[in-house]
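Subject: Structure handover

Dear colleague,

Please find the structure below, with the sequence. My notes on what was found in it follow.

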Amino acid sequence: MIERALAGSVTATGPGCTIGVQLGEVRTTRAAGMADLERGVPLTPSSIIEAGSVSKQFTAAAVVLLALEGRLSLDADVRTWFPELPAYARPITVRHLLTHTSGLRDWGNVVQLEGWPRGARAHTNAHVVQIAARQRALNYAPGDAYSYTNTGYNLLAELVQRVSGQSLAEFTRARLFSRLGLSATSWRDDHRRVVPQRALAYSAGVSPRLSMPDESAYGNGGLLTTVSDLLQWTDALNTRALGAPFASALEQRMVITRGDTIDYALGVNVLSHRGTRELSHSGSTGGYRAHLLAFPERRAGVAVLCNGAGLNATQLAEQLADSLVGPRARRPRASEPIARPVAAIATQAALPASQWASLAGTYASDEVGGEPFVVSVESGELVLRQAPDTRLVLRPGAGAVFQAAGQVLWFDRDASGQGRVLHIASDRAWDVPFTRIR
């Protein structure tokens with residue numbers, strides 16, 4: 001079963017995957033592909049691979065342990081521990097951070113606007129706190145909606161430090177990894193650290209390049225682990241090894257303001273697979289891909305870790321899970337809303353090219369660092385530039401709305417039609433305004 005899945009996805013000479021499957025007491029692990037293309041080192045089931053956002057459930061677990069000890073409340077205002085964050089009209093709670101319902105902009109989207117996308121600088125959790133503290137607005141009022149944001153989980157990693165006096169890496173090593181026998185698991189809290197048996201990560205394509213997560217921000221991702229350790233973790237969840245109150249807290253799905261219960265609990269999705277409860281999460285950082293599934297009532301789990309961006313860890317994990325439980329009903333992919341303010345102007349006629357010059361100018365934001373944006377008309381195209389070398393052609397849409405590089409941009413104009421504010425929206429930062437400064 002595992003061999004067939006690997007054979008259909010992985011070549012012997014390219015990046016590959018490690019796979020683990022557990023059913024009851026029986027655990028099987030396999031690997032295919034290369035851990036290091038330069039040195040010709042093959043992957044083994046013991047290869048250490050970064051788990052991306054699968055890591056979030058371990059951060060959530062640390063917070064739950066602190067809550068069960070009475071050292072924090074999941075429903076407390078996070079400004080209790082982060083006074084540097086803005087006081088929004090409705091408080092952000094710890095539970096909001098855990099369930100992606102805080103409304104916080106994703107810090108990766110913010111630094112992209114700075115001209116320093118993730119991996120271009122060695123960001124730390126301290127940087128993330130600083131970025132969050134600059135944001136005067138949210139995507140939405142806390143609790144009103146779900147929008148995936150890594151910012152919350154970097155803040156949670158820092159929260160563990162501020163409450164316990166130990167870093168998340170130290171706290172989880174003592175309270176989770178050692179206790180549960182996760183002997184190969186640690187955190188990428190320093191991306192320069194030498195990690196024996198770590199598989200390198202690669203981009204997709206016929207000529208893959210190194211694609212390592214060269215940053216030290218963690219808690220949102222950054223778990224270095226093996227498929228055996230991940231199965232050890234799922235078995236601990238399945239057997240309630242950390243106690244029923246712990247498992248119940250981790251698996252409690254969030255209810256948003258309007259009363260809807262979402263799939264997301266604390267660092268894990270709680271789903272139904274042919275009537276069987278499924279705990280799952282995917283992960284993606286740099287060229288690493290991961291997926292982890294658990295079926296508590298069947299004491300079953302599937303772990304997939306890959307070191308190539310072109311490999312589909314989720315598809316592999318679900319294929320193997322289907323062989324254990326039966327074919328799943330395919331769910332429509334939920335789309336997250338982008339830039340709600342755009343809806344108000346989406347029905348307007350496109351701004352004529354003859355008026356684009358009125359939008360030209362330099363736009364900056366004190367919520368976003370880096371170089372300002374310069375908008376100009378060049379050879380009949382509206383162009384956005386950012387030093388040193390970013391150049392985007394803005395494709396016109398309705399009204400003064402444009403698109404570029406997967407982002408939606410629109411301009412507020414004054415009575416004379418001159419551009420005054422440039423708004424930029426993406427999937428995880430819905431409306432970041434830049435004011436015209438010249």
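Is alanine 184 buried, partly exposed or exposed? With a relative accessible area of 26%, alanine 184 is partly exposed, because buried would require under 20% and exposed over 50%. Please keep in mind that this is a predicted model.

Alanine 184 sits in the loop that runs between α7 (168-180) and β6 (186-187). Leaving aside residues up to four places away in sequence, alanine 184 touches Ile48, Leu224, Thr225, Thr226 and Asp229. Serine 46 is 138 residues away from alanine 184 along the chain, yet their C-alpha atoms are separated by 8.4 Å.

One of those contacts, Asp229, is among the buried residues of α8. Helix α8 covers residues 227-238, and its 12 residues should span 16 Å at 1.5 Å a residue; the end C-alpha atoms are 16 Å apart, which agrees. The helix is largely enclosed by the rest of the structure, because 10 of its 12 residues are buried. Besides Asp229, the buried set includes Val227, Leu230, Leu231, Trp233 and Asn238. Just after α8, arginine 240 adopts a positive phi of about 60 degrees.

On the aromatic side, the structure holds 9 aromatic pairs. One of them joins phenylalanine 58 and tryptophan 233: the ring centres are 4.4 Å apart and the planes stand at 35 degrees, so the pair is tilted. Since phenylalanine 58 belongs to helix α2 (residues 56-68) and tryptophan 233 to helix α8, the pair ties together parts that are 175 residues apart in sequence. Both phenylalanine 58 and tryptophan 233 are buried.

Another pair is made by tryptophan 356 and phenylalanine 402, with ring centres 6.0 Å apart and planes at 75 degrees, so this pair is edge-to-face. It links distant parts of the chain, 46 residues apart: tryptophan 356 is in the loop between α10 (313-325) and β12 (361-364), and phenylalanine 402 is in strand β17 (residues 401-404). Tryptophan 356 counts as buried at 9% relative accessibility, and phenylalanine 402 is buried with a relative accessible area of 1%. Together with Tyr363 and Phe411, these two residues form one aromatic cluster.

Two charged side chains also lie over rings. Lysine 56 is placed over the face of tyrosine 153, 5.7 Å from the ring centre. Arginine 121 is over the face of tryptophan 116, at 4.0 Å from the ring centre.

Regards

How values were computed:
Residues are numbered from 1 along each chain as its sequence is written. This is a predicted model: local features need pLDDT of at least 70, side-chain atom pairs count only at pLDDT 80 or more; totals for chains, interfaces and linings use all residues. Side-chain values use heavy atoms; hydrogens and water are left out. Helices (H or I, at least four residues) and strands (E, at least two) are DSSP runs, numbered from the N terminus. Buried means under 20% relative accessible area, exposed over 50%, partly exposed in between (1.4 Å probe, protein chains only). Contact means heavy atoms within 4.5 Å. The expected span of a helix is 1.5 Å times one less than its number of residues. Rings of Phe, Tyr and Trp (its six-membered ring) pair if their centres lie within 6.5 Å; planes under 30 degrees apart count as stacked, over 60 as edge-to-face and the rest as tilted. A charge sits over a ring if NZ of Lys or CZ of Arg is within 6 Å of the ring centre and within 35 degrees of the ring normal.
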